[in-house]
Amino acid sequence: MLSFILRRLGSGLLLLVVISALAYLLLSLPGTDVGRHVLGPAAPQQAVDAHNAELGLDRPVAVRYLDWLTSALQGDLGRSWFTSEDVSRALANRLPVTVSLMVGVTLVTAVVSFVLGVWAGVRRGAVDRVVQTVGVLGYALPGFLVTLVLVLVFAVRLGWFPAIGYTPLSQSPGGWLATVTLPVLSLSVAGIAGVSQQVRSSVIEVMGRDYVRTLRSRGLPASRVVFRHVLRSAATPGLTVLGMQFVGLLGGAVIVEQIFGLPGIGAMTVQYTTRGDIPVIMGVVMVTVVGVILTNLLVDVLVGWLNPKARVS
Amino acid sequence: MQTKTRINTGVAAAGALALMLTGCAGSSADTDSSSLTIGTMTVPQSLDPAEAMGSAMPYFQAVYDTLVKREPDGGYAPMLATGWTYDESLTELTLTLREDVTFDDGTPFDAEAVKANLERFRDGGGGQAQTMALLEEVEVVDATTAVLHLEQPNPAMVFYLSDAAGLMANPAAFDGDSLTTDPDGTGPYELDSGRTAVGTTWVYTRADGYWGEELPYDEVAINLFDNENAIVNGVRTGQINAALLQDVDQQAVAESDPEVQTQPQAIDYQGIILFDRDGHITPELAEPGVRQAINHAVDRETMLEQLRNGQGETTNQIFGPQTDAYDPELDSYYDHDPERARELLADAGYPDGFALTLPRMSEIVSDPLATSLQSDLADVGIDLTWDNLDSGSALNSIFTEQAYPGMVMNNAQPAEDWVTTVELVLPGTFNFFGTTDETVQELTRAIQTSPEGEAADQARELNRHLVEQGWFVPFYRMTFLHVSDGTVDVEPQSGMAVPALYNYAPAE
């Protein structure tokens, strides 16, 4: 297992360098005049050219990338070209917001999905039909609509939760819970719909296998059969989907962070990409890639732990 | 019985959780009468005055004072400068300075500081550095007297000294780039670096021993958002005390909530700026008749009604109502008259119309606006094509490559008409082909060399000339909405969308 983890980390590092080079190249394609963007349309061209030179944009892309890489390897991700904020500090401020959402959504999705999926797969009948209907509804409802309704009802009308903003966990656990609850709920709906269906199908499939029938015929309690044997096999597809959803949550977080005014990585990505703020975008790209690599690794390890056959393969 | 008990327990737990969360709700931005939270979509490039922009002034006004204070009505009042006088040639502006002001480290605010700041601003390459382009040098007469020597008269110099150029920082902090995130001024507040997350929220706390009149709040937070939906929700729940709304849909939401206090202000105008009045890209635009035809073709009333729910005032002029140049008659100089537009095109030698290509940035030109303009112009024979540009490349194509004959823009209408003249009429960024004529030259020279307030007739004449010649195609002044949660009174700033930080006070 250790060599497997080390191999995955090694290939992840290589991936990180390749993606950083590609991202830098794509972001540096001609067309965006950063100096003009920073100084505004009213600034004279001379000032714009001088500002571009000050940012080093008059040098070849390869030289700029190597400079950035050298600094990044020393822990210096530079400063935003548009707000002068230190990129590392900006990421450190914003990452907990998005991570809170992603972890919260993943936990809520995992718990609810596995409960619903197992319940539907084992009980079948009316329960199964209800769970399937809920799943279809969850898929059909547009995420932004769910978010807007949650804000309007529970924040603006009832005042149970704040409509905007984020309170760090370290500042106030209750405040943190209040600020992430609605965003987490709104992001979890689609995830629960997908993962619960996956778990349900797997449970039904595993429940029909010979070894499960044998276990049941020996008189083992149903709960033991389900939780000790069925779930161990049936969890793999659900976990894989959950892992993929965790990575994909960044996309959903963009909209949710905007609606809730949360200062996270998702909203940051949109704001800074449209401006062409390379130091910040590169920081976001690096954080995202590291997150994807670590998530995939974690899922692989979990699946291997649950299912020895997967470990061998 | 057991089931009922479980249900009751669940309800109680849910209630307790809700109570706990409700108690915590808004803890990140809870406000009281001694704190002010402003929601905005404007972000400063940094907190270094050399990089300041007028639209981001509240961020700077918290920590820096300007030489001259601009009052809400657009008038000027003493601040760090207690007086200012021009010589007869209008090329020497003498400033008398306060003598009781020091920076945090004990460095005195004096004429040397004024010289260091203004010359740094001029040479610093910031977005508004060109406003000091006519400043030759600052002469230090004594500690409390500085003379600004100008290459030519600049009727907007006092305006600029009340704006970004007038922000005074500690010269001792000019080495390095510490001012970008660690401001050092003489202002009423200090930046609370520990609670500030640049790019998200800026928190200012009252500065001890401020030399001037204290502002009413002990603490000011400016929170940055990228959409007005979040801002409106924040105001409705009291997490944001005050904000400015530009989007008509969000304005409608705010107005529908009885708890939200609203105050409309017609401010920026939207319209086409025609760069190519000499016909370099689109030869037809060199003809005044063609430009007039475009003005007649646009159905401003319908656009205002359909695109902005009627929130605004149609206009044909670029100067705002607060300026000397403003002439109310010019708001309706061009009526919607497609027939007259076709006649003008025929008289100009284009009876079959012509093709016009304009850049389109979706942030400014919405789908309905694009369609509406296309339809209006097509009605008189002008085939308008939109080039869809992303915001990253648009400014480059328009201003650096100068690839288009005009563009639709939202423009401010400053209270000082010379600011508009410099930005839009004289050769420069928005007149990059340098179009001019004898009348424009004569009138601008007269305005530039006249003492303050003595060139109002020429300013109005210039305005009328520009409208008659169809230099621009303004559509309407847009009504923006100042909103508050009811705890704050906001006094709008004449000629500016963003109120000065001095204009906020607890509601009476």
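Me: How far apart are the centres of domain 1 of chain A and domain 2 of chain A, taken over C-alpha atoms?
Reply: In this predicted model, the centres of the two domains are separated by 33 Å. The domain assignment of chain A places domain 1 at residues 2–73 and domain 2 at residues 94–307.

Me: What makes domain 1 of chain A and domain 2 of chain A count as being in contact?
Reply: Two residues are in contact if their C-beta atoms lie within 7 Å. By that test, 15 residues of domain 1 of chain A are in contact with eleven residues of domain 2 of chain A. On the domain 1 side, α1 (2–27) and α2 of chain A each supply at least two residues, and α1(A) gives the most, with ten residues. Sorted by class, this side of domain 1 has nine nonpolar, five polar and one charged residues.

Me: What secondary structure does chain A have?
Reply: Chain A comes to 13 helices and zero strands. Of its 313 residues, 40% are buried, and its C-alpha atoms fill a box of roughly 85 × 55 × 35 Å along the principal axes.

Me: Which residues of chain A does the UniProt annotation "transmembrane region" cover?
Reply: According to the unreviewed UniProt entry, the annotation covers several stretches of chain A, including residues 12–29 and 99–122. In the model, residues 12–29 of chain A are 89% helix and 0% strand, with end C-alpha atoms 26 Å apart. Residues 99–122 of chain A are 100% helix and 0% strand, with end C-alpha atoms 33 Å apart.

Me: How many residues does the contact take from chain A and from chain B?
Reply: The contact takes 51 residues from chain A and 43 residues from chain B. Among the helices of chain A that each supply at least two residues to the side touching chain B are α2 (34–39), α5 (87–123) and α8 (173–207). The helix that gives the most to this side is α8(A), with six residues. By class, the side of chain A that touches chain B has 25 nonpolar, 23 polar and three charged residues. For the complex, the predictor gives an ipTM of 0.77 and a pTM of 0.84.

Me: Where in chain B is confidence lowest, and where is confidence highest?
Reply: Helix α1 (residues 2–24) of chain B has the lowest confidence, at a mean of 41, whereas strand β7 (residues 145–150) of chain B has the highest, at 98. Over residues 1–31 of chain B, however, pLDDT stays under 50. Where pLDDT is low, the predicted coordinates should not be read in detail.

Me: What domains is chain B divided into?
Reply: Chain B has domain 1 (20–63 + 187–260 + 486–508), domain 2 (64–184) and domain 3 (267–479). The C-alpha centres of domain 1 and domain 2 of chain B lie 26 Å apart. Between these two domains, 24 residues of domain 1 are in contact with 24 residues of domain 2. The residues on the domain 1 side divide into twelve nonpolar, nine polar and three charged.

Me: How do you know that strand β1 (residues 35–40) of chain B and β11(B) pair?
Reply: Two strands pair if there are at least two bridges between them. β1(B) and β11(B) have two bridges, in the parallel sense, and the two strands therefore meet the requirement. B:I38 stands opposite B:A242 in β11(B). β11(B) is also joined by four bridges to strand β17 (residues 472–484) of chain B, and these two run antiparallel. There, B:L244 stands opposite B:H482 in β17(B).

Me: Which way do B:A242, B:L244, B:A243 and B:L245 point from strand β11 (residues 242–245) of chain B?
Reply: B:A242 and B:L244 point one way, B:A243 and B:L245 point the other way, and all are buried. To be called buried, a residue needs 20 or more other C-beta atoms within 10 Å of its own.

Me: Why is B:R206 called partly exposed?
Reply: A residue is buried with 20 or more neighbours, exposed with 12 or fewer, and partly exposed in between. B:R206 has 15 C-beta neighbours inside 10 Å, and therefore counts as partly exposed. B:R206 lies in strand β9 (residues 201–206) of chain B. Leaving aside residues up to four places away in sequence, B:R206 touches B:P188, B:Y189 and B:D218. The C-alpha atoms of B:R206 and B:G187 are 9.2 Å apart, while the two residues are 19 residues apart along the chain.

Notes. Residues are numbered from 1 along each chain as its sequence is written. Chains are lettered from A and ligands numbered from 1 in the order in which they are written. This is a predicted model: local features need pLDDT of at least 70, side-chain atom pairs count only at pLDDT 80 or more; totals for chains, interfaces and linings use all residues. Ala, Val, Leu, Ile, Met, Phe, Trp, Tyr, Cys and Pro count as nonpolar, Asp, Glu, Lys and Arg as charged, and the others, Gly among them, as polar. Domain bounds come from an automatic or database domain assignment. UniProt positions are given in the numbering used here, feature names are shortened, and annotations may be inferred rather than shown by experiment. pLDDT is the predictor's confidence in each residue, from 0 to 100.
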